[in-house]
Amino acid sequence: MSARLVESQADLLEVCAQFRSQEWIALDTEFMRERTYYAQLCLVQIAVPGFIACIDPLRVGDVAPLLDLIFDTNILKVMHAARQDLEVFYDLRRRNPGQAVDSAAETGLVPRPVFDTQIAAACLGYDDQIGYAALVKEISGVVLDKTHTRTDWSARPLKAEQLSYAADDVRYLCDVYLHLAASLAESGRSEWPRADFARLTDPQLYENDPRKAWQRIGAGERLGRRGQAILRELAEWRENTAQTSNLPRNWVMRDAEMIELARSEPRDIAELAAVSGIGDRARQKWGGQILSVIATGGNASGEAIWQTAPVLSPDQMELCRRMAKEVDRIAHEQRVSSALLGTRREIQRLVLGEPDVRLLQGWRRELVGNALLSMLAARSARVSPSAHD
């Protein structure tokens with residue numbers, strides 16, 4: 001079955017109308033973002049059993065009919081490792097909120113509902129990070145050609161082998177979905193992945209608020225309060241600059257350079273030029289802005305922004321070890337990956353008293369969370385002083 005290449009508005013309207021009658025579609029994208037902040041959508045592949053379309057957004061012009069289809073909440077979107085693809089659509093919708101033409105279309109920022117075959121496969125005992133090609137081989141026995149994994153999808157015209165590669169990303173996704181959905185139902189695990197599917201459609205997952213950009217930088221706790229305030233201001237400035245200029249963050253400034261600026265706190269262009277890593281281009285283009293941001297941060301006051309991670313006591317470390325062993329035991333019993341049930345980091349957060357962990361939510365709580373809570377309660381009773389003391 002060959003794929004239909006869609007390069008005109010008329011063809012786009014025709015295939016979208018055909019897909020709108022479906023209960024579910026297999027969906028994938030090809031995009032480029034090496035030189036930009038926002039991904040450039042280069043190709044959208046959609047399939048149902050018996051029909052595949054490769055839609056070229058660089059040729060069709062107005063993609064509103066396509067977005068109407070993808071954001072239709074009556075159609076389940078089947079994807080593999082969906083997060084990056086969903087982020088592309090989130091950015092398209094957020095930057096072009098009035099692009100939809102169908103009044104019945106979903107107006108949210110992330111397409112939903114979604115069925116992620118990587119997540120579903122993990123619930124059935126496959127590796128929790130299994131790739132699409134490996135999953136297709138496991139289920140369909142087909143070995144996919146991955147020659148064009150790093151191709152330039154923005155170049156035109158698209159070659160026949162590129163289109164074949166792209167079409168394969170949804171061609172077998174249909175069979176994979178039908179197999180996984182049936183297997184989940186047969187094993188009584190259809191509810192297991194639904195919360196994780198829903199989490200993928202939460203807009204907050206894809207929000208890059210410049211005011212929160214400091215949270216991306218991991219070494220801020222090494223600075224004093226003044227340096228932390230400067231680093232926070234620099235992180236917000238970099239995020240804003242990257243977004244408005246549509247440049248990768250590191251093309252504006254690297255983390256290490258911002259940390260060095262927060263340490264050295266240059267006061268003029270000459271001192272800025274002496275900071276290691278600050279190139280001529282950045283200094284000439286943004287030098288005044290950078291110095292202004294540093295001054296603003298230096299005048300700020302308040303509590304420390306980066307907090308030192310809490311240190312587990314030896315008793316808590318031992319409890320984490322025993323909890324992890326219990327998670328491993330239950331995972332082996334259920335024939336799934338331990339990471340699907342709970343990671344070592346989540347166990348540590350539970351021991352440190354954080355209530356908002358996956359281990360205590362939904363089916364995970366019933367399967368493993370309650371057992372860990374019992375272990376935590378037993379430890380608390382053991383270490384707490386007696387009421388008669």
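This is a predicted model: local features need pLDDT of at least 70, side-chain atom pairs count only at pLDDT 80 or more; totals for chains, interfaces and linings use all residues.

**Entry: cis prolines**

I started with Pro113, which lies in the loop between α4 (83-95) and β6 (114-116). Its peptide bond from Arg112 is cis, with omega near -5 degrees. I then found a cis bond between Arg156 and Pro157, where omega is about 5 degrees. Pro157 also turned up in a loop, between α6 (132-140) and α7 (160-171).

**Entry: positive phi**

Which phi does Ala81 have? I read a value near 50 degrees, which is positive in a residue other than glycine. Ala81 is in the loop between β5 (76-79) and α4. Its relative accessibility is 33%, so I log Ala81 as partly exposed.

Glu265 is not a glycine either, yet I get a positive phi of about 50 degrees for it. I located Glu265 in the loop between α12 (255-264) and α13 (269-273). With a relative accessible area of 22%, Glu265 goes down as partly exposed. The cut-off matters for that call, because buried means under 20% and exposed means over 50%.

**Entry: aromatic pairs**

How many aromatic pairs does the count come to? I have 10 in my notes. Is Tyr37 buried or exposed? At 7% relative accessibility, Tyr37 counts as buried. Tyr38 is at 7% relative accessibility too, and counts as buried.

Next I checked Trp237 and Trp286, whose ring centres are 5.9 Å apart with planes at 80 degrees, so this pair is edge-to-face. Trp237 belongs to helix α10 (residues 225-245) and Trp286 to helix α14 (residues 280-298), so the pair ties together parts 49 residues apart in sequence. I have Trp237 and Trp286 both down as buried.

I also noted a cluster in which ring pairs link Trp24, Phe115, Tyr177 and Phe197.

**Entry: arginines over rings**

Which ring does the charged end of Arg95 sit over? I found it over the ring of Tyr38, 3.8 Å from the ring centre. Arg93 does something like this with Phe71: its charged end sits over that ring, 4.0 Å from the centre.

**Entry: Asn246**

Where is Asn246 found? I placed it in the loop between α10 and α11 (249-252). Its relative accessibility is 24%, so Asn246 counts as partly exposed. Setting aside neighbours within four places in sequence, I see Asn246 in contact with Arg35, Thr36, Tyr37, Tyr38 and Thr241. What does the side chain of Asn246 reach on Tyr37? It reaches the backbone nitrogen, at 3.1 Å.

Definitions and conventions. Residues are numbered from 1 along each chain as its sequence is written. Side-chain values use heavy atoms; hydrogens and water are left out. Rings of Phe, Tyr and Trp (its six-membered ring) pair if their centres lie within 6.5 Å; planes under 30 degrees apart count as stacked, over 60 as edge-to-face and the rest as tilted. Buried means under 20% relative accessible area, exposed over 50%, partly exposed in between (1.4 Å probe, protein chains only). Helices (H or I, at least four residues) and strands (E, at least two) are DSSP runs, numbered from the N terminus. A charge sits over a ring if NZ of Lys or CZ of Arg is within 6 Å of the ring centre and within 35 degrees of the ring normal. Contact means heavy atoms within 4.5 Å. A polar contact is a pair of N or O atoms within 3.5 Å; within protein, one must be able to donate a hydrogen and the other to accept it, and residues adjacent in sequence count only if both atoms are side-chain atoms.
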